[in-house]
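User: I would like to go through the labels used for this structure and see what each one rests on. Please set the values against the definitions.

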Amino acid sequence: MTKKIVFGFSILIILLEILFAAYSSYINLINLQLTSSNLLSSEKSVTFFFKEDSVPPMSELIKQYPSITLFSELYNNSNLKVLGIYGKCQLDSNTTTLVKGRFFNKSDFNSKNESAVVGIKVLSSNNCFKDKTGQAYFLFNKKKYKVIGTMESDISNMLDNTAFVNLDSIDIKLYKFIIDGDDSSLDSVIAGLKTSYDVEVVQEKNNFIKRYVFDDLDKHILDILVLSLIGMLVITISMYTIHCYHEEISVKRIIGVKFQTILLEVIFNISTLTIVNTAFIFVMYGALCGTFLNMIHFKFQVIPFIIFVVLMHITICLVLYIYMVFSNNGFHKNGVK
């Protein structure tokens with residue numbers, strides 16, 4: 001490999017990988033902002049109003065639909081919002097970073113325990129106190145809830161003023177619930193609830209707050225712009241590699257080096273450069289995300305990054321292969337064996 005191919009290829013690969021890594025981190029940040037602004041409910045969440053005498057026990061709902069999480073608003077003013085929660089309560093790895101301690105799990109329900117996960121501002125308010133052992137408790141509805149975790153987000157202060165309590169500890173009968181769950185199963189759950197119970201959809205896919213700088217259209221435009229730029233960079237890398245190897249490939253074919261030998265050598269060289277530069281970006285960007293970028297919730301999306309690098313490498317190698325096939329045919333037409 002010449003210095004020209006090593007330097008030029010490395011610069012282009014590094015730019016391309018940094019662009020994708022930063023873009024995927026930014027999209028992840030937007031998703032985290034959406035989740036925190038909507039008090040941990042997703043865009044797929046649906047609000048149901050069960051009509052009088054048709055409200056099933058929550059345990060019955062979860063038994064039928066174990067993949068869902070139930071939310072119900074219990075109290076709301078400018079300084080404090082209390083939500084009841086029941087069901088699967090599984091946070092993704094990104095949202096989990098907002099919680100210190102732990103979030104709810106199955107053992108917190110149907111056990112006659114009162115548990116709470118509270119925002120950092122709620123913890124420091126008059127609504128909470130600590131006993132002699134230092135255990136914090138949240139006071140609500142004349143009950144004392146053991147604080148099992150706290151939430152803090154510099155992305156949205158809504159979580160800081162919110163408390164979640166286990167919904168089965170509430171004695172009053174509730175009719176209105178937000179139902180959330182896995183995207184793949186939520187539609188079937190909604191259809192099943194409409195069939196089995198006398199319910200009214202109060203806000204179907206319309207209770208989601210979009211508190212970030214881009215709306216959906218802007219986000220799609222950003223996606224198109226970034227993906228177009230990535231595509232152009234991949235084409236540029238491929239064309240640059242062909243340009244740098246063109247003369248070398250031509251000389252080797254003239255002196256009789258086999259097509260397969262040249263192809264394997266080129267792919268090996270490109271693969272080596274890709275691995276070395278990817279390892280460099282992986283270490284440097286990972287270190288930045290683990291220190292400085294972590295403070296602004298920029299997380300290194302490792303799996304998407306690896307998939308992107310593999311697809312990028314396959315694309316470049318495929319372009320080189322197609323070029324060499326046509327180049328090889330051209331040599332044969334000119335009488336070169």
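Analyst: A contact means heavy atoms within 4.5 Å. By that rule L70 touches M58, L61, I62, G84, I85, Y86, F177, I178 and I179, leaving out residues up to four places away in sequence. This is a predicted model, in which local features need pLDDT of at least 70 and side-chain atom pairs count only at pLDDT 80 or more, while totals for chains, interfaces and linings use all residues. Residues are numbered from 1 along each chain as its sequence is written, and side-chain values use heavy atoms, with hydrogens and water left out.

User: What makes a set of residues a nonpolar core, and which members of the largest one touch the most others?

Analyst: A nonpolar core is a set of buried Ala, Val, Leu, Ile, Met, Phe, Trp, Tyr and Cys residues joined through side-chain atoms within 4.5 Å. The largest one has 52 residues, and L70, F103, F104, F138 and F164 touch the most other members. A second, separate core of 40 residues includes F9, L233, C289 and L320.

User: Why is F104 called buried?

Analyst: Buried means under 20% relative accessible area, exposed over 50%, and partly exposed in between (1.4 Å probe, protein chains only). F104 has 3% relative accessibility, so F104 counts as buried. Over the protein chain of 337 residues, 47% count as buried.

User: Where does F104 lie, and what does F104 touch?

Analyst: F104 is in the loop between β4 (99-101) and β5 (115-119); helices (H or I, at least four residues) and strands (E, at least two) are DSSP runs, numbered from the N terminus. Leaving out residues up to four places away in sequence, F104 touches I85, C89, F109, S115, A116, V117, I148, F164, V165 and N166. F104 and N166 are 62 residues apart in sequence, with their C-alpha atoms 8.0 Å apart.

User: C89 and K142 both have positive phi. Which is buried and which is exposed?

Analyst: C89, with phi near 55 degrees, has 5% relative accessibility and therefore counts as buried. C89 sits in the loop between β3 (81-87) and α3 (93-96). K142, with phi of about 65 degrees, is at 90% and therefore counts as exposed. The place of K142 is the loop between β7 (136-140) and β8 (143-151).

User: How do you know that the span of α1 agrees with its length?

Analyst: The expected span of a helix is 1.5 Å times one less than its number of residues. For the 35 residues of α1 (residues 3-37) that comes to 51 Å, and the end C-alpha atoms are 51 Å apart, so the two agree. After α1 comes L39, whose phi is positive, near 55 degrees.

User: What makes K51 and D198 a salt bridge?

Analyst: A salt bridge is a side-chain nitrogen of Lys or Arg within 4 Å of a carboxyl oxygen of Asp or Glu. The closest N and O atoms of K51 and D198 are 3.7 Å apart, and the pair forms a salt bridge. The pair links distant parts of the chain, 147 residues apart: K51 is in the loop between β1 (46-50) and α2 (58-64), and D198 is in the loop between α5 (183-196) and β11 (199-204). K51 is partly exposed at 35%, and D198 is partly exposed at 42%.

User: How many salt bridges does the structure hold?

Analyst: The structure holds five. Among them, K81 pairs with E73, with the closest N and O atoms 3.4 Å apart. K81 has 19% relative accessibility and so counts as buried, whereas E73 is partly exposed at 47%. K143 forms a salt bridge with D171, also at 3.4 Å. K143 lies in strand β8 and D171 in the loop between β9 (162-166) and β10 (176-181), so the pair ties together parts 28 residues apart in sequence.

User: Why is D171 called exposed?

Analyst: D171 has 65% relative accessibility, and therefore counts as exposed.

User: What makes the group with F280 a nonpolar patch?

Analyst: Patches are made of residues with over 30% relative accessible area and no salt bridge, with like charges joined within 9 Å and nonpolar side chains (Val, Leu, Ile, Met, Phe, Trp, Tyr) within 5 Å. F280 lies in helix α7 and has a relative accessible area of 45%, so F280 is partly exposed. The patch consists of F280, F282, V283, M284, V302, I303, I306, I307, V310, L311 and I314, with about 1000 Å² of accessible area together; accessible areas come from the Shrake-Rupley method with a 1.4 Å probe, and for residues only the protein chains shown count as cover. Two or more residues come from each of α7 (259-290) and α8 (302-333), and α8 gives the most, with seven.
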